[in-house]
Each structure stands twice: as structure tokens, then as C-alpha cells.
Amino acid sequence: MDVLELAKRRGFFWQSSAIHGPISGFYDYGHVGTMLKRKWEAAWRRFFLGLGETFYEISPAVLMPEQVFRASGHLEHFVDPIVKCRKCGHAMRADHILESILKESFEGLPPKEMDALIRKHKITCELCHGQLEEVALVNMTFPVTAGTGKDARTAYLTPETAQGAYVNFKQMFEVLRKRLPMGLAVVGKAFRNEIAPRNALVRMREFTQAELQIFFDPETITAHPRFADVETARLRLLPAAHRHAVQETTAQDAVASLGLPPFYVYYLARIQEFFLQTLGLPPEKFRLKELAGEEKAFYNRFHWDIELQLGIGWKEVGGLHYRTDYDLSRHQQVSGQSMEVGEGRKFIPHILEISMGVDRNIYALLDLCAREEQDRAVLAFPRRLSPFDAAIFPLVRKDGLPEKAREVQAALEQAGFSTFYDSTGSIGRMYRRMDEIGGPACVTIDYDTLKHQDVTLRDRDSMQQVRVPIARLPDALRRFLDGGDLGTLGKPLH
Ligand code: GAP
């Protein structure tokens, strides 16, 4: 199935400003995509903010002064290796072109060594086969001028939501009564001038991240008060030293055999729980991959990527980064403001970061949930994540059925469900359309509804139908969305 074609046709997402000739790497979400993204973000918030008593969401500005990115290191280190064609001028990521030809990762390799490989393997332009220039490092931040005249200041669109949490650390620490660990979550926009945006929402220039920064006392890394809750969880790990196959390792063994601190492993386990239990993704398509020395950012002491197996191969959709005191120390140094905490023993808190790309996860959901069946295409999203909880259809557009359908819709909305009303086709076509949007349940209002005050409830996956009294519909729908079997929720229709 062409998921991108379906995404456009059904209102999920498409290239931004297409009517004027789009710029690559920018996407707009339609109504269905917006609902799906909202549901994913709501699930993320519920799960990760629920992990700590002092974990809260904040909403920082996305445009911040130059000093922020001098402190963060983005102006110096946030570079990608690019190589240009001497003949046609096409620019490519040098590590990507090497990887596509030599089938291994070259992330983080110094430019000189990439040059040597390009010469050795006689690699040429992917478009015109022209000779390539030397590899150069290009900064990916987007500079902006804020203000005019003598007030003008250079600012940057933030390339990660994390910095918004770091610049607010001291203020929030005071407001939240100086307790550690403290979690500051940001679900917001990030901007990177990627050289080669590709695969739609996978590599964009403007995208949404959901990140949780956990500020903690480094002396507490050897324990987590709730470690016992996860110690027997079997984690799907791909350690740097064993890249050939996933090793299912209990959280307890991960601490013992991989030398990872319990505080870190606790969050690895919770991340896996989010993907497999909350999102309901298939375990075999999920793994946690350790990055080796040269692959991780220089400030990360531990770095495991969250990877999902998609049609385009295993893709990183997030990560767990132990950033030590790098960020707060740098902001202290550049701003001159102390980031130290503690009475008696003074220290700069360390940071554990749970980072995820929302759009990349939305792409992954579509990819993993798309199913082509004999006479229909289905997006079999987990029920609670689907863009709409239920679609409401009148069987025909006359005889009071639309009015009754609107009444049922209003009652469901009132009860807190997200609904979608459709009356623009035969019932079969409306079902197919909803299957392609991924709505888990359809509610049909027919002539019997007027007589008996009941409706047909249809399950997207099995296509089974049951008859449910309108008075019991909200309860039946709630149980269905929570995983209930349709057959137990009403009288089966054959
Ligand atoms: N604060 C840490 C950080 O930003 P990252 O690995 O650069 O780490 C985190 O980004 C996540 O953001 C990635 O796992 C990915 O899901 C998403 N992401 C990064 N660059 C992206 C891009 N160009 N387009 C879409 N998503 C991106």
C-alpha cells in the first residue's frame, strides 16, 4: 500500500505550501492527521508525566537568543558532513551516501576519513555521476533576526526542545520547591536545516519533538525508588558489542551485565512499556540500541536509541540520553548565572533526557498499522490512538435518520469521545473510508433505530457488528476502546 498517497488522500499530511511549489522538509497535517498527532501526544503526556511526582510540562519559546546556542554547543558542533557535486552542484550527506553504498554506518567519522573512502571506492554524484568536492561541515541551525535597527538581535529557531527546559531550570526549580528529581517536559517545534530531508515525516526541517528532561542528583543514579516495578521486565536490547541480534534481557540483568545504572535502566524499561503496552506496537518491531563511543554525542555518557522496524528499515524514533551536567554547566558558564543547587553539598544537577520525534512516530504508526486486505485498505491503529473514536453514519439521508445520527453523535461527544460524522455515500463506501482513516468503530443509525432506540456498532478489524441500545452506547464504546471484545458488548448481527 502507498501510505503517503493514502495520507494525502485521507487528510493525514502532505507537503506544505504545495500550491506555490513546496520546500522539502516541511509538512502540513490535515484534520485526521491532527487528531492522530493529538492522541499520540496525549498518550505520551499521560505516560511520561505520570512517572514522577515533580514532572511537569512547560511551553518555552522556540526562538531564542544566540547565547543559548553558544552555551548548548549547537553553533560549534551541530554540523552535518556534506559533499557537493562539482558538475551539477547537488549536495548530499557524505555519511548517508557512504552508508548507502558500503552498507555500514559512518556517522561521526571525521571529514578527512570520509574523503578517503569516497576516493577509495570511486564514489560519484548520486544524480549525474559527476566528481565530488571535498567533504565540508555545515551548520544546521536556522538563524533569524529578532527586532530591527539598533535593537536587532541574532536569534535561532531551536533545533531541540531540550534547550527550552534548560534555560528554565533555575526558575522552575524555585517554583517547584527545590525538589529533585524534577522533570520538565516540552512538546513543541524544533527546526533543523537538514541537507537531505526525506521519507516525508522521517527527516524534516520543521518537526515536533516530545522531550522530558529529568534533572537529578548524580549521587542517586545507582538506584530508582520504583526499580522493583520493572526489574523482571524483559528488555529488547541491542548492545553496541552485540549488534547481530536483539537480546531479551531483564532490567535487573541489564544493570549487572551491561554496567548500566538502575536509574537509567528504569527509564529504558518504561520507554519499552510505552511502545509495547500503551501504543500496542508489535514487540518484534521494537528494539533499544546502544550507541557506541563515536556514534553518540560527545556529552552523552549513555545513549540508547529507540528503534522501530519500518518498511524503510530500522529507524530511530527517539532515545534515552544521559547528558551528565554538560548542559547546565555550559549555560552557567555562558550566562554567568549559577545552576548549582543544594544546601551544604552544592552540585550542578545531571540530566537524563527522554527524547522522541512526534512526526517520526506518526509516520511509524502509519507504516506499522497499514494493512492491505482483499477488498479494502485498513489503518489498524491501536483503538485508543485512532484519530477518531467512532464514526457516525445515518443509513440514508432522509426520514429523520440524519437528525437521529446527529443526536447520537452529540451524546458521544458529550461523553468525551472524538467522533466523525459522514453521510456522503453508501454505507459500504463510508465503512471503507473509515477503515482507511483507521477509526476503530462505526455506529450506524437505521430505520430500526427509530423504532427500538438502538444502533449498529461495527469493529474495524473483524468487521463484525452488534446491536447496542443508544442508552448503553457510551459504556459499550468505552469498553470496546479499552480492548473489549465486540461480541460481549451487544447482540451479534449476522
Ligand atoms: N534533544 C535530543 C535530540 O534532539 P535527536 O536524536 O537529535 O536528539 C530526537 O532527536 C528525536 O527527534 C529523534 O529520535 C527523531 O525522532 C526526531 N528528529 C530528529 N531530527 C529529525 C528530523 N530532521 N525530522 C523529523 N524528526 C527528527
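1. Let's start with Arg177, which sits in the loop between H8 and S10 (helices, H or I of at least four residues, and strands, E of at least two, are DSSP runs numbered from the N terminus). Phi of Arg177 is near 65°, a positive value in a residue other than glycine. Please keep in mind that this is a predicted model, in which local features need pLDDT of at least 70, side-chain atom pairs count only at pLDDT 80 or more, and totals for chains, interfaces and linings use all residues. Residues are numbered from 1 along each chain as its sequence is written, and side-chain values use heavy atoms, without hydrogens and water.

2. Stay in that loop for Pro181, which also falls between helix H8 (169–175) and strand S10 (182–191). The peptide bond leading from Leu180 into Pro181 is cis, and its omega is near -5°.

3. Which helix gives the largest share of the lining? That is helix H10 (residues 262–278), with 3 residues.

4. H10 also packs against helix H2 (residues 31–49), at an angle of about 135° and with the axes 11 Å apart (axes are lines fitted to C-alpha atoms over the stretch in contact, and angles run from 0 to 180 degrees between N-to-C directions). H2 and H10 are therefore oblique to each other (under 35 degrees is roughly parallel, over 145 roughly antiparallel, 65 to 115 roughly perpendicular, the rest oblique).

5. For another helix pair, look at helix H5 (residues 94–102) and helix H6 (residues 111–120), whose axes lie 11 Å apart at an angle of about 40°. H5 and H6 are therefore oblique to each other.

6. Finally, the domains (bounds from an automatic or database domain assignment). The protein chain is divided into domain 1 (30–76 + 144–368), domain 2 (79–139) and domain 3 (380–492). How many Å separate the centres of domain 2 and domain 3? Taken over C-alpha atoms, the two centres are 54 Å apart.
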